[in-house]
Amino acid sequence: MEDTLAPAEAAQIPQQRGASLLETAARYAEERHWEVVPGAWLETTDGMPRCSCGDPACAAPGAHPAREDWAAQATGSVSTVRRMWQARPAASILLPTGRAFDALEVPETAGFLALARMERMERALGPVTLAPDRRMRFFVLPGAAAKLADLVRGMGWSPPSLDLTALGEGGYLAAPPTRYGTRGAVLWARRPTPANRWLPDAEELVPSLAYACGRDR
């Protein structure tokens, strides 16, 4: 896939492996101007990674907010980011949505189908994450969450019939290389690069995503 795990095209963009969580979070703030906030972290108990929240049935161990006021703690200040992760080096990296970007979320199977289709069409795309919960999240301009339902209806679909949702104001996503317990790490399906700094609008991606979700039902 174009721009997928392509180090030569990702100058100054954090690598998926090797860079510390602190350095990666700082680069997201400095180079992409994304606000970041430290989330929960993994602790080893009896040889097994457990979420710091203490819930043995945690659905996203080590990949969710660690405190209720997480949204107010999010910052784009590199110095503040460094202080936060120096205090908690193992904390996950969370990116609030509804600020610099929203995210369109689909199942992994539909996401790869849509991604291949949009790349064939040479559609401009932003970064895309692939998480161990088998969901893909496509970065788009803010405002997508407010208009997604109307866009889907305009295509003749009933919004509840498609597994296509949007993360907007008040939401968040876990950024690479955050880990979900023993299930693996969040990866970039399309890495942030200088070429995709300008994000597409939801209208540009929803047709392909809705088509893929319709086929994936």
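This is a predicted model: local features need pLDDT of at least 70, side-chain atom pairs count only at pLDDT 80 or more; totals for chains, interfaces and linings use all residues.
A pocket here comes from a 1 Å grid over the protein atoms alone, and is an open set of points where a 1.4 Å probe fits, with protein on both sides within 12 Å along at least five of seven lines.

Residues are numbered from 1 along each chain as its sequence is written, and side-chain values use heavy atoms, with hydrogens and water left out.

Back to that pocket. Its lining residues, which have an atom within 4 Å of a point, include Met-48, Arg-50, Cys-51, Asp-55, Cys-58, Gly-181 and Thr-182. By class, the lining has seven nonpolar, three polar and two charged residues. Ala, Val, Leu, Ile, Met, Phe, Trp, Tyr, Cys and Pro count as nonpolar, Asp, Glu, Lys and Arg as charged, and the others, Gly among them, as polar.

Strand β2 (42-45) pairs with strand β3 (48-51) in the antiparallel sense over four bridges, and Arg-50 in β3 is the bridge partner of Glu-43. Strands are DSSP runs of E with at least two residues, helices are runs of H or I with at least four, and both are numbered from the N terminus. Two strands pair if DSSP finds at least two bridges between them. The hairpin has two residues between its strands, and Asp-46 takes a positive phi near 55° there.

Now the sheets. One is open and antiparallel, with five strands in the order β8-β5-β7-β6-β10. Its edge strands, β8 (165-167) and β10 (187-190), each pair on one side only. On average, neighbouring strands are turned by 30° against each other, direction ignored. Within it, β5 (102-107) pairs with β8 over three bridges, and Ala-103 has Leu-167 as its bridge partner.

What lies across this sheet's β5, β6, β7 and β10? That is helix α4 (108-120), running at about 45° to β7. Such angles, from 0 to 180 degrees, are between N-to-C directions of lines fitted to C-alpha atoms, for helices over the stretch in contact, where contact means heavy atoms within 4.5 Å.

The whole structure has eight aromatic pairs. One of them, Phe-101 with Phe-139, is stacked, at 4.3 Å centre to centre and 20° between the planes. Phe-101 sits in the loop between β4 and β5 and Phe-139 in β7, so the pair ties together parts 38 residues apart in sequence. Rings of Phe, Tyr and Trp (its six-membered ring) pair if their centres lie within 6.5 Å, and planes under 30 degrees apart count as stacked, over 60 as edge-to-face and the rest as tilted.

A second open antiparallel sheet has three strands, ordered β1-β4-β9. Val-37 has Leu-94 in β4 as its bridge partner.

Finally, the peptide bond from Pro-176 to Pro-177 is cis, with omega near 5°, and Pro-177 lies in the loop between β9 and β10.
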